[in-house]
Amino acid sequence: MASLKLQNISKRYGATQVIADLSLDVAEGEFVVFLGPSGCGKTSLLRMVAGLEEASGGRILIGGRDVTQAPPGQRNLAMVFQHYALYPHMSVRDNLAFGLRNIGVKEVEIARRIAEAGRMLELDALLERKPTQLSGGQRQRVAIGRAVVKEPGIFLFDEPLSNLDAALRGRTRLELAQLHRRLGATMVFVTHDQIEAMTLATRIVVMKGGAIEQVAAPAELYRRPATRFVAGFIGTPGMGFVPVQRAADEEGFAVLALPGGGRLRTRVPAVGLPAGALSLGLRPETLHPAADGAIQGSVEMVEFLGERTLAHLKLADGSALIVTLDGVRPEVGESIGVAVDVNEAHLFDESGRAHHALEPSA
């Protein structure tokens, strides 16, 4: 395995700047996921690491070695693409062996690596089949196996699960997580699917507009998002936002004036909280119906999701929140009060920067 260091990377297509001055360190053995909406630059960044696109500026170091100008074959990488890219006329065994034969690996060593990858990915019974005789999930395992037999310093994955149906995506996520634990390898994975990111990553790199919004472990991203964009992007459903005014400070914490006339004393320290417009950020599981709740809203829709039921509320100012229901199931059009877990309430200033509640003392 190898480390990856990106130093002040930029990418331009003509006059269009796609990535500007991006830096990131990936330690040996990490599973790092680039996450963001379409067009945020995550795939371009991965392709520059792979050597498939040239960086317009900056340096790429793999295992401490500067590979910015090195061709793909000299970067000690293996890449798994969104499309399987298997040779249809070759057996699974020959697909796995093809790249190794091209670089002169001895047949005995090729056989050892294929046998090991076959056991690891449950491909033993498929080695003599052609790709057309395989399911989508099996083809993707072969594509992953082709990377595994190269024994690279870093594995790169470019949205490898996007062509699979929901059930296969779930199983393949588990297989990738298990593969990472077995190999202890450095893995960099690109996706727009936050479930993939949250379940696989040791750290997630959230990107927007060619820049990094936040780099953190999944739990920290969810509970302590650095920006309003991250808060709204992470979570299913994402965090809801309510425009609020700072009414006062009590015992060092901000007190907010809510739509509809309610007031909420937060656990967000008043010190350092800038003046100006604020947004109160709340996740569904931190909100619960309560007759005397600080927030009042009208139920627009109720969603039964099996493990939980959610109510979509419209507030007096037209803003929307999603609330977790505990046994109570209000009717559409009904007005309800909502209680807030102030330990999980966040404030976002005009720049989008987050101001979090003080962590409760043990």
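Analyst: **A loop residue, and what follows**

T132 counts as exposed because its relative accessibility is 62%; here exposed means over 50% relative accessible area, buried under 20%, and partly exposed in between, with a 1.4 Å probe and protein chains only. The model is predicted, so local features need pLDDT of at least 70 and side-chain atom pairs count only at pLDDT 80 or more, while totals for chains, interfaces and linings use all residues. Residues are numbered from 1 along each chain as its sequence is written, and side-chain values use heavy atoms, with hydrogens and water left out.

T132 is located in the loop between α3 and α4. Helices (H or I, at least four residues) and strands (E, at least two) are DSSP runs, numbered from the N terminus. T132 and M207 are 75 residues apart along the chain, and 37 Å separates their C-alpha atoms.

Helix α4 covers residues 136-148, 13 residues in total. From its first C-alpha to its last, α4 reaches 18 Å, close to the expected 18 Å at 1.5 Å a residue; the expected span is 1.5 Å times one less than the number of residues. While T132 is exposed, α4 is mostly covered, with 10 of its 13 residues buried. Among these buried residues are G137, Q140, R141 and V142. The buried residues of α4 pack against the strands β6 (77-80) and β7 (154-158), and against the helices α2 (92-102), α3 (107-121) and α5 (166-183). Contact means heavy atoms within 4.5 Å.

Strand β9 (residues 203-208) pairs with strand β3 (residues 31-35) in the parallel sense, over four bridges; two strands pair if DSSP finds at least two bridges between them. I204 in β9 is the bridge partner of V33. β9 is also joined to strand β10 (residues 211-216) by five bridges, and these two run antiparallel. Across that pairing, K208 stands opposite A211. The hairpin of β9 and β10 has two residues between the strands, and G209 there takes a positive phi near 55 degrees.

Another part of the model is an open sheet of four strands in the order β2-β1-β4-β5, with antiparallel pairing. Its edge strands, β2 (16-26) and β5 (65-66), each pair on one side only. Helix α1 (residues 42-50) packs on this sheet and touches β1 (4-13), β2 and β4. The direction of α1 makes about 115 degrees with that of β1; axes are lines fitted to C-alpha atoms, for helices over the stretch in contact, and angles run from 0 to 180 degrees between N-to-C directions. Two bridges join β4 (residues 57-62) to β5, and I62 stands opposite R65.

A248 counts as partly exposed because its relative accessibility is 27%. Leaving aside residues up to four places away in sequence, A248 touches F253, A254, V255 and R263. A248 and R263 are 15 residues apart in sequence and 9.9 Å apart in space, C-alpha to C-alpha.

Strand β19 (residues 335-340) pairs with β15 (residues 287-289) in the antiparallel sense over three bridges, with A339 as the bridge partner of H288. Four bridges join β19 to β16 (residues 295-304), again antiparallel, and there Q296 stands opposite G337.
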